[in-house]
Amino acid sequence: FFQVVHAHKPHFMALHCQEFGGKNYEASMSHVDKFVKELLSSDAMKDYNRARVYLDENYKSQEHFTALGSFYFLHESLKNIYQFDFKAKKYKKVTGKEIYSDTLESTPMLEKEKFPQDYFPECKWSRKGFIRTRWCITDCAFDLVNIHLFHDASNLIAWETSPSVYSGIRHKALGYVLDRIIDQRFEKVSYFVFGDFNFRLDAKAVVETLCAKATMQTIRAADTNEVVKLIFRESDNDRKVMLQLEKKLFDYFNQDVFRDNNGTALLEFDRELSVFKDRLYELDISFPPSYPYSEDSSQGKQYMNTRCPAWCDRILMSHSAKELILKSENDEKIVIYDHIGPNVCMGDHKPVFLSFRIAAGAGKPIANVHKCCVVQ
C-alpha cells in the first residue's frame with residue numbers, strides 16, 4: 001500500500017475497506033485501533049497533514065453494523081478542502097486529523113446504511129451496506145461511496161441459472177444505493193462508488209465453457225436427495241476430473257486460465273455491471289480477478305479453490321465523474337486502474353486502485369489540476 005502511495009503521490013486519497021476486524025471481528029476488532037494509529041503516524045503518510053477516518057466497529061449493534069472503514073488523506077500541498085455536513089447541508093473546511101468509530105449514525109459528515117435484512121434472507125446477520133461522504137476540492141464537488149454488496153452463498157445455486165439469483169440480489173442493492181445518492185434531499189454531484197461489489201462471473205456460462213467437452217456426474221445426499229456435488233470429467237483422457245463443484249468448492253484443474261493475460265478471456269462472463277451501463281462507468285480492467293486469493297502468506301498469486309475467481313473489487317463512477325478525469329493525449333499513464341500487491345498475500349481479496357488527475361472546478365475556463373487517488 002505504501003509503495004502505491006509513494007509511486008503515485010496523490011494529493012487527495014480515499015481508502016475504502018470492508019470487513020473491518022476480519023472474519024472474527026469480536027476477537028480481532030481490538031487490533032483495528034493499533035492499525036489505524038500506525039497508518040496515520042507512519043513515515044510514508046507524513047506529508048498528509050489532514051485525515052478523516054470513519055470506522056464502523058460497533059459489532060454489538062445488529063441493526064446497524066456494516067464493518068466498513070473509510071479513510072481520507074489530504075496532502076499538505078492541497079489548499080481549501082471542504083467536506084459536506086449532511087445534517088447542516090453545508091460544507092465545512094477540513095483541518096487536522098479526526099477518527100470516528102462505534103456510532104457513525106450520529107456523525108453528520110456521512111451517510112451510512114445497512115441493507116434491509118430481507119434483501120438477503122439466507123444470511124442471518126448480514127453486514128452489507130454503504131457509507132457515503134461528500135467532498136469539495138477547489139469548487140469541484142463529488143461523492144465517495146464505500147460499498148459492500150452480497151456474496152454468493154452457494155456455488156451450486158449460482159450455477160443453476162444465468163444470471164444467478166445472487167446477481168439479482170446485488171442488482172437490487174446497488175440500484176438502491178444509486179437511487180439514494182441522487183435523490184432529492186441534496187444537490188446532485190458526480191460520484192465514485194468503490195468497494196467489494198461481490199460481482200461474480202456468470203457461473204453457468206463459465207462452467208459450460210470450461211467444461212464444454214466434459215460429462216457431468218451428480219452426487220446427492222443419501223438422506224435428502226439434495227445435490228451436494230457435481231463432478232465434470234473429460235470424455236476421454238482416462239476421464240480426468242476437470243472441475244469439482246460444491247457449495248463452497250470450485251476446484252478447476254488449471255488455475256492458469258484465471259491468471260494468463262490477467263484472465264482477459266473470462267471478462268466476457270463478467271456481466272453484472274452491464275445492467276447499469278447507463279448509470280455507471282468503469283475503466284477497462286487489466287488486472288486478474290481480485291478474489292478469492294489464498295490466505296497463506298507464502299502464496300501471493302494462488303487462488304483458493306472455494307469460488308470461481310472473479311473481479312469482486314471495483315472502482316465505478318457516474319458518467320459526470322468520468323468527465324472530471326483528465327485524459328492526456330501525450331501521457332497514457334495519467335489514469336491508472338490496477339491492483340495492489342500482485343505477488344504478495346493481501347488476504348482473500350486483492351485491493352484495487354484508481355489514480356487520476358481531476359479537473360478542479362471542471363467546466364471553468366481555467367481549472368487547477370490536482371492528482372487524486374482512490375483505493376479499494
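A salt bridge here is a side-chain nitrogen of Lys or Arg within 4 Å of a carboxyl oxygen of Asp or Glu. With that in hand, welcome to this predicted model, where E57 is a buried residue that has no salt bridge.

**E57, a buried charge**
- You will find E57 in the loop that runs between β2 (48-55) and β3 (69-75).
- For E57, the nearest side chain of opposite charge is K37, and it lies 9.6 Å away. The cut-off for a salt bridge is 4 Å, so E57 has none, although it is buried.
- Leaving aside residues up to four places away in sequence, E57 touches M29, V32, D33, F65, S101 and D102.

**The largest cavity**
- Its volume is about 120 Å³.
- The lining is made up of D152, N155, A158, W159, R200, L201, A203, V207, L245, F250, R307 and C308.
- Two elements, α4 (155-158) and α6 (203-210), each give two or more residues to this lining.
- Sorted by class, the lining of the largest cavity holds 8 nonpolar residues, 3 charged ones and 1 polar one.

**The second largest cavity**
- Here the volume is about 40 Å³.
- Around the second largest cavity sit F250, Y252, Q255, F258, Y303, M304, N305, R307 and P309 as lining residues.
- This lining divides into 6 nonpolar, 2 polar and 1 charged.

- Within α6, the buried residues are A203, A205, V206, V207 and L210.

**A212, beyond the helix**
- A212 belongs to the loop between α6 and β11 (214-220).
- Is A212 buried or exposed? With a relative accessible area of 58%, A212 is over the 50% cut-off and therefore counts as exposed.
- From A212 to Q299 there are 87 residues in sequence, and the C-alpha to C-alpha distance between the two is 30 Å.

Methods
Residues are numbered from 1 along each chain as its sequence is written. This is a predicted model: local features need pLDDT of at least 70, side-chain atom pairs count only at pLDDT 80 or more; totals for chains, interfaces and linings use all residues. Side-chain values use heavy atoms; hydrogens and water are left out. Helices (H or I, at least four residues) and strands (E, at least two) are DSSP runs, numbered from the N terminus. Buried means under 20% relative accessible area, exposed over 50%, partly exposed in between (1.4 Å probe, protein chains only). Lys and Arg count as positive and Asp and Glu as negative; His and the chain ends are not counted. Contact means heavy atoms within 4.5 Å. On a 1 Å grid over the protein atoms alone, a cavity is a set of points where a 1.4 Å probe fits but cannot get out, and a pocket is an open set with protein on both sides within 12 Å along at least five of seven lines; lining residues have an atom within 4 Å of a point. Grid points are joined across faces, edges and corners, and a volume is the space filled by probe spheres set on the points. Ala, Val, Leu, Ile, Met, Phe, Trp, Tyr, Cys and Pro count as nonpolar, Asp, Glu, Lys and Arg as charged, and the others, Gly among them, as polar.
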